[in-house]
Amino acid sequence: AWMKVLTELVPGDEATMSTFIHAATSADESGIADPALDLARHIKSLIGQDPASVDSISDEKSLELAMDNIPRIIEGSSDTVEAEGVLNVVCWLFQRVLENNTAPANSVALVDKFVGKLTADPKMKPMLRLKMLSTVYNVLGGNGTARYNTFVAMIKFAAAAGSKELMAVAPECEGLDEKLAEWGVPVAKTRELCTAIFTAMDQHKNSDGAHEYRKKFLLTFQGTKDTAQAKKEASAIVVEAIANPSVFHFDDYLALDAVQALKGDAEFGKLYDLLQIFSAEGLGAFNKFQSANAAYAQKLGLKADDCVVKMRLLSLCTLAASTRVMKYADIAACMEIPETEVERWMIKAFTAQLLDAKMDQNTRTVVVDNCKDRVFGTKQWQDLRNKLDAWRHNMKDIMSMIEQARQRQQMQAERMIQQQQQQQQQAQ
C-alpha cells in the first residue's frame, strides 16, 4: 500500500509528503506496514538477499541501506515510475530521520551524505536524480547551510550530466540574491556558488548566463581589499563585454572594484586601457591601441574586425551626442568609411537601437532625435534633470491653461444662468 502511495507523490510536494508521513506513522490505525521495514526488505530483494532475513530495522539503518544502494534501486526497478516511487520512500524516510532522530549538529552531515549518494553518477537517470535532489532541498526547511550545500550539488551535478539537465536547473538560479539571504551564508560561499553557476554555463555554451553570474561574483568584491583573487574573472568579463556585439555601455564594468584593480596590472593593465577606449574614446584611439598590441588582443580572443565595427558605432554615438544635425561627410570621417557607406552604417546604428534619427538624402545630413550616451556621468544626470525640469514646467503651463479654460467655461455657464433668470423675471 505504501509503495502505491509513494509512486503518486510529486517530488518537492511537502503537503503530499506530510500526508503520507501521517499515514505511515499511524500504522496501527491505517493498516499500513512500516515503510522503513518494507523498504529494507525491498532493497534486500534487489541485491539478491533474502527479504525475510530482516524482521525489524530502525529508520536510520533502513535509510543507510537505501543510500548505499541507490544505483540498485534505479537499475532494479521495472521502469522510471517504479524507481521514482521507491526513491520517494527513501526521501520520506530521510525526512523522518532528519526531523525525529538527528541532532541539529549532525543534520548537515546527513544531508551531505545523502546528496553525495544521489549525485554519484550523473549519467544514470540524471533527471530522476535531479527530482530527488529537489525533494531533498524542499524538505530541508530553514536549514540554510544544508539547503545551500544541496543547491550547489544540484548545479554541479546538472553540469556534469549535460545541457538538458542544466537547462532544467537554470530557472532555479533566478532570485539567487533572495535565496542567499534566506540561507544566511558568508560571502565566501556566495562566491563559491556563483563560480559553480558560471562555470557550468560556460561549459555548456550559455554565454549570457555565464556573464550574468560572473558579474554577481565580482560584485561580492565591492568595497573589499581582496580583489586580487578576482583578476581572472574580472578580465574575462571585460573581454566578454567588448566582444559582445550587443553591449555598448561599459560604465557598469568600470564601476566594479575588481575591474578597477586591473588598472596598471602587469598582465591585465592593457585590457583595462582597452576598456577605457571602448567606454569613452573613438575609433582612432582603438586603431592606435590595435597597432601596438595586435598580438595581445588576439591572445585575449578579441577579433580586430569585430572590434572595429563596434568602435565605429560607438564613435557615431559620440558625434551624435555633440550635434543635432550630422553631415554625411562628418559621419564618414569619424567612422573612417567612404561617404557612400554612411547610410548602411546608419541602418546598423538604428538596428542596434543606438540612435533615433532621420536621414535626409537631399541635404546629405542626419537629424538626431535621440542617441544613447556612452558614459552616464554627472553631465548626463544634469541633462536628465534639466529635461525633467523642463517637462515639469511644461506640465505646469498645460495645467494652468486647462484651469484657465475651466474657469472661463464656468464663468460663461454662470452668465448664461443669470441671463436666463433675468429673462424669466422680466417675463413674469
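L176 lies in helix 12 (residues 176-183). Helices (H or I, at least four residues) and strands (E, at least two) are DSSP runs, numbered from the N terminus. The model is a predicted one, in which local features need pLDDT of at least 70 and side-chain atom pairs count only at pLDDT 80 or more, while totals for chains, interfaces and linings use all residues. Residues are numbered from 1 along each chain as its sequence is written, and side-chain values use heavy atoms, with hydrogens and water left out.

L176 has a relative accessibility of 2% and therefore counts as buried. Buried means under 20% relative accessible area, exposed means over 50%, and partly exposed is in between (1.4 Å probe, protein chains only). Leaving aside neighbours within four places in sequence, L176 is in contact with F151, L193, C194, I197, Y213 and K216. Contact means heavy atoms within 4.5 Å. One of these partners, K216, is 40 residues from L176 along the chain. The C-alpha atoms of L176 and K216 are separated by 9.6 Å.

T150 is found in helix 10 (residues 144-161). Its contacts, leaving aside neighbours within four places in sequence, are with V111, V115, L133, V136, Y137 and L140.

The chain as a whole has 23 helices and 3 strands. Of its 428 residues, 41% count as buried. Among contacts with a separation of 6 or more, 61% are accounted for by residues 24 or more positions apart.

Confidence is expressed as pLDDT, the predictor's confidence in each residue, from 0 to 100. The chain has a mean pLDDT of 88, and 88% of its residues reach 70 or more. Over residues 1-31, the pLDDT is below 50. This stretch has 43 contacts in the model beyond near neighbours in sequence. Where pLDDT is low, the predicted coordinates should not be read in detail.

Helix packing was examined next. Two packed helices are described by the angle between their axes and the distance between the axes. Axes are lines fitted to C-alpha atoms, for helices over the stretch in contact, and angles run from 0 to 180 degrees between N-to-C directions.

Helix 7 (residues 80-100) and helix 9 (residues 126-139) have axes that come within 10 Å and cross at roughly 25 degrees. The two helices are therefore roughly parallel to each other. Angles under 35 degrees count as roughly parallel, over 145 as roughly antiparallel, 65 to 115 as roughly perpendicular and the rest as oblique. The crossing of helix 7 and helix 9 is right-handed. A crossing is left-handed if the near helix is turned anticlockwise from the far one by less than a right angle, and right-handed if clockwise. Helix 7 contributes T80, A83, E84, L87, N88, C91, F94 and Q95 to the contact. Helix 9 contributes L128, K131, M132, T135, V136 and V139. These residues divide into 8 nonpolar, 4 polar and 2 charged. Ala, Val, Leu, Ile, Met, Phe, Trp, Tyr, Cys and Pro count as nonpolar, Asp, Glu, Lys and Arg as charged, and the others, Gly among them, as polar. V136 of helix 9 takes part in this contact and is also in contact with T150.

Helix 7 also packs with helix 5 (residues 59-67), at an angle of about 140 degrees and with the axes 10 Å apart. Helix 5 and helix 7 are therefore oblique to each other. Their crossing is left-handed. On helix 5, the contact is made by D59, E60, S62, L63 and A66. On helix 7, it is made by V90, L93, F94, R96 and V97. The residues divide into 6 nonpolar, 1 polar and 3 charged. F94 takes part in the contact with helix 5 and in the contact with helix 9.

The axes of helix 15 (residues 231-243) and helix 18 (residues 269-280) come within 11 Å and cross at roughly 35 degrees. Helix 15 passes helix 18 in a left-handed crossing. S235, V238, V239 and I242 of helix 15 meet L271, L274, L275 and F278 of helix 18. The contact residues divide into 7 nonpolar, 1 polar and no charged.

Most residues other than glycine have a negative phi, and most peptide bonds are trans. K125 has a positive phi, near 45 degrees. K125 is placed in the loop between helix 8 (104-118) and helix 9. At 40% relative accessibility, K125 counts as partly exposed. Q353 also has a positive phi, near 60 degrees. Q353 lies in the loop between helix 22 (342-351) and strand 2 (355-360). Q353 is exposed, with a relative accessible area of 61%.
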